[in-house]
Amino acid sequence: MRIGQNPAKAGIKAPRPKRLGIFTVTYVPNQEGYFTESLQIIKIVLTALRQHTSESFDLCVFDNGSCVEVQQELIRLNQVGVIDTLTLSHQNIGKMGAMNWQIAAMRNEWIVFTDSDFYFRKGWLEESLRLAESFPAAALITAQPNIFDQLEGTSQVALHLDKFGLKTSIEKLDRDVIEDYCRGIGASAENTQKFLALDSLIVANPVTQVKAVYGACTAQFFGRREHLQQFFPTADEYLIAREEDNEISRRVDALDLLQISTLRPFVVHIGNHLDEHILTEIKADGLDTPAVLRTNESIQHKASSAWRFLARLNRIPFMRKVLKRLYVNLFELYSIEKK
Amino acid sequence: MRSGQNPAKAIKEVVKPQRITVAVLNYIPFLNGYYADMLNVLQTSLGSIWENSDLPYDLLVFDNGSCTEVKEYLQEQVEAGRIQYLIFSEKNLGKGGAWNIIFDACPGEILAYTDNDCYFYPGWLSKSVQLLETFPNVGMVTSRPFPGHEQHNTATSQWAKNSPDAHYYSGKFLDWETYASFTMSLGVDEETTKKWFDNNEDYRIDYKGLTAQIGASHYQFLSYKKVLQTFLPFEMEKPMGQVRQLDIRMNEAGYLRLMTAEPLMQNMSNQVSPEFQKNPVKQTVKKKHSRIWNLPFIKKPLMKFYDLVFRLYYGGALK
């Protein structure tokens, strides 16, 4: 039975959602192979968000079934106030499942999504808001010029941008902008040349003179909650699939809403490896630079007899297939089946 | 930069949520004073859900800023697979703030909501769902009968009186033990409870072979997610004390508010009574680590192999 009075009923005020809510989805099922540096990268992403966002915001993390060590670190970050709301899922419900969950749950006027491997630079919020004011029909605003066309040339909105009162032009983005993007995605020299040769569709508000690149990226976007709720929830059949990402872009287009991005990169893709460029930038920004000692580790691996044996096996096409299958099976065993 | 291929992209399907989400709202800021026995209460409550829920469900726990000991316990349950979804809020968002998140985010079609101090008896879930799905236009089903506020039940009474398929009747149906066990669990003394009991009248409905008592409580109820979403957002300035909004709004919107005729849950408040202390269901479960592939001498070399294969194919950036 109840003894005494619950002190929480004493009239203490509950915090309200802030104007801006940012969320990311994490998934680090183990700390080997592809995921070796993932926890470190997540911490850098969260630190940069806290340091480079010019107004107070709610930071939500949806962890999609990471290993215990990662979940414990996220809990610690929640306890020290870096993460405001942390959701731990026992099983991976898919990237879209997690996005559907978070967008439904967040009550902020502006919602930002980012993959957990994007580095946010100073000014990203100001520039995103500047575009939002000049392009009120923009449902998705990415803080990095859109170079990869998720609509694959099928945008219907792009055919009648004059309806929105916008001026359009075809322009080349600055070389350093393209190179920054290519470095982030680990593009080959050949693909980098292809991207450098591309033209971009630029939209401009003739009143404010503000310009944006037409197209946004669903790996990082900023939008009004009322807009996002028009195209979320969306299909969530896979753990992670480009097709499901592209479906978001298609839905925005079908709703006759704009998707745009900044002319300069205010975010950059880190990926699963902290390369020299990003480490230099992190250091220049005054953030803690993680010690990355992979070079020595890699050399040790290559000197081992196990490595040499595997490398020999890999020369046989059949064994190459077997090894790849084992790689996925072991991932399933220790990352999916463990649950 | 990206190095290699994310192995998650090779997995072709994800787990689908159960139709029912059981959601528990928890807040234990410290383990002293009013909250001294609350971790024990929480463990007993969750234990009764695990033991006595007789339909498939996902368990969602919303922790509204509890202390470290409680968070550690909850995280262990996620790891053991006993909690499917766990939400940690760094600050107490209040019950309204938590409801805003739970009601919108819960993956199930049916939400079985409870405060963290309910003990559930066997069959509570199926019998509550049966009422929810059999009666028309149901807003809330609470899993025990208790005296409520008639002014929050006018829509239900009106429907019962006007519906030719429903039989509406009143009388003294709750026995002393059922009545007193719940009322006194709220801290009401025996003398007052006796007075209330003597003046109490219960209102019931028979419909399609089922009997329901009229009334429901915001503290434990089942509802359809789509119904709950129509009442969002809840604007509550205080962490607690404004929760009757849900009862009032449900009634005003014309939804039925029902309770099971038999007691299928009990309020523990902030102490575990001897009746529940004897129950073994809160004991720690055996984790899945006993599976052969989780034995350290098997797992370690396999993970080493996994890492080597990754580096073999995708190790470019690690050179």
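In chain A of this predicted model, A:P233 sits in the loop between α7 (225-231) and α8, where helices (H or I, at least four residues) and strands (E, at least two) are DSSP runs numbered from the N terminus. The peptide bond leading from A:F232 into A:P233 is cis, with omega near 5°. In chain B, a cis peptide bond joins B:L232 and B:P233, with omega about 0°. B:P233 belongs to the loop between α8 (225-229) and α9 (244-252) of chain B.

Helix α8 of chain A (residues 242-254) packs against helix α3 (residues 95-105) of chain A at an angle of about 40°, and their axes are 9 Å apart. This makes α3(A) oblique to α8(A); angles under 35 degrees count as roughly parallel, over 145 as roughly antiparallel, 65 to 115 as roughly perpendicular and the rest as oblique. A:K95, A:M96 and A:M99 of α3(A) meet A:E244, A:D245 and A:I248 of α8(A), contact being heavy atoms within 4.5 Å.

Turning to backbone angles in chain B, B:N137 is not a glycine, yet has a positive phi of about 55°. B:N137 lies in the loop between α4 (124-134) and β6 (138-142) and is partly exposed, at 46% relative accessible area. B:K208, also not a glycine, shows a positive phi of about 50°. The loop between β8 (202-207) and β9 (210-214) of chain B holds B:K208, which is exposed at 62% (buried means under 20% relative accessible area, exposed over 50%, partly exposed in between; 1.4 Å probe, protein chains only).

Residues are numbered from 1 along each chain as its sequence is written, and chains are lettered from A and ligands numbered from 1 in the order in which they are written. Local features need pLDDT of at least 70, side-chain atom pairs count only at pLDDT 80 or more, and totals for chains, interfaces and linings use all residues, while side-chain values use heavy atoms, leaving out hydrogens and water.

Methods: Axes fitted to C-alpha atoms, helices over the stretch in contact; angles between N-to-C directions.
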